[in-house]
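Biologist: I'd like to zoom in on one part of this model and see how it sits among its surroundings. Pick a piece and walk me through it, please.

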Amino acid sequence: MTFEQLKEILTNIKAHYQNFAIYDYVVKEWYKVLKDYEFDDVMESLVDHLTSDNSNELPKAYQLVKYLTPEDLKKECESNRYIVSCNLCDRWMSLAEFDKHYDKCLHEFGRKFKNTKSV
Ligand SMILES: [Zn+2]
């Protein structure tokens with residue numbers, strides 16, 4: 001993502017967590033962690049966090065990208081013959097990545113499903 005996109009994400013976090021301070025060193029640190037990822041993916045993670053049981057806690061940069069695929073790897077996947085889409089989250093990835101991804105995704109999906117049902 002671009003630096004502008006990062007600022008948009010941080011502003012978004014600030015909107016939900018008033019005590020989140022956007023100091024220069026915070027911006028630098030977040031950029032270091034998030035720059036390799038796509039804006040839309042990170043925003044999705046943020047929304048997931050905001051709607052989760054942990055939404056009272058400030059989101060962490062590393063936590064937001066934990067299950068995301070870096071942009072360059074995504075491009076690599078596009079030129080890879082062995083790409084699969086996860087039937088739970090509709091994300092495209094290489095077979096090797098899918099092996100690691102599926103268990104985590106299933107867990108996430110179960111959590112989301114539980115949340116939806118309790119509403
Ligand atoms: Zn998935």
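This is a predicted model: local features need pLDDT of at least 70, side-chain atom pairs count only at pLDDT 80 or more; totals for chains, interfaces and linings use all residues.

Modeller: Residue numbers start from 1 along each chain as its sequence is written.

Here's the setting. The chain has six helices and two strands (DSSP runs numbered from the N terminus: H or I of at least four residues for helices, E of at least two for strands). Reading from the N terminus, the order is α-α-α-α-α-β-β-α. The C-alpha trace spans about 45 × 35 × 15 Å along its principal axes. Of the 119 residues, 13% count as buried (20 or more other C-beta atoms within 10 Å; 12 or fewer is exposed, and in between is partly exposed, with C-beta atoms placed from the backbone). Take the contacts between residues at least 6 apart in sequence: 50% of them join residues at least 24 apart (a contact puts two C-beta atoms, placed from the backbone, within 7 Å).

Now α3 itself. Which residues of α3 are buried? They are Asp-41, Val-42 and Ser-45. Looking down the axis of α3, you'd find its buried residues within an arc of 95 degrees, so they line one face of the helix (the arc takes the directions from the helix axis to the C-beta atoms). An α-helix has 3.6 residues a turn, so residues three or four places apart point the same way. On the other side of α3, Asp-40 and Val-47 are exposed.

Helix α1 (residues 3–16) packs on α3 (residues 39–50) at an angle of about 10 degrees, with the axes 10 Å apart (axes are lines fitted to C-alpha atoms, for helices over the stretch in contact, and angles run from 0 to 180 degrees between N-to-C directions). That's why α1 is roughly parallel to α3 (under 35 degrees; over 145 is roughly antiparallel, 65 to 115 roughly perpendicular, and the rest oblique). From α1, the contact uses Gln-5, Ile-9, Asn-12, Ile-13 and His-16, while α3 brings Phe-39, Val-42, Met-43, Leu-46 and Leu-50. Sorted by class, that makes seven nonpolar, three polar and no charged residues (Ala, Val, Leu, Ile, Met, Phe, Trp, Tyr, Cys and Pro are nonpolar, Asp, Glu, Lys and Arg charged, and the others, Gly among them, polar).

Phe-39 sits in α3. With 16 other C-beta atoms within 10 Å, Phe-39 is partly exposed. Skip its neighbours within four places in sequence, and Phe-39 is in contact with Met-1 and Gln-5. Leaving out residues up to four places away in sequence, Ile-13 touches Phe-20, Leu-46 and Pro-59. Between the C-alpha atoms of Ile-13 and Val-84, on the other hand, there are 32 Å, with 71 residues separating the pair along the chain.

Phe-39 also leads us to Glu-71: the two lie 32 residues apart along the chain, and their C-alpha atoms are separated by 9.7 Å. Glu-71 belongs to helix α5 (residues 71–78), and its 15 C-beta neighbours inside 10 Å make it partly exposed. Not counting residues up to four places away in sequence, Glu-71 touches Asp-36, Tyr-37 and Glu-38. Its C-alpha is 8.5 Å from that of Met-1, which is 70 residues away along the chain.

Last, a loop residue. Asn-19 is in the loop between α1 and α2, and it is exposed, with 6 other C-beta atoms within 10 Å. From Asn-19 to Leu-58 is 39 residues in sequence, but 9.1 Å in space, C-alpha to C-alpha.
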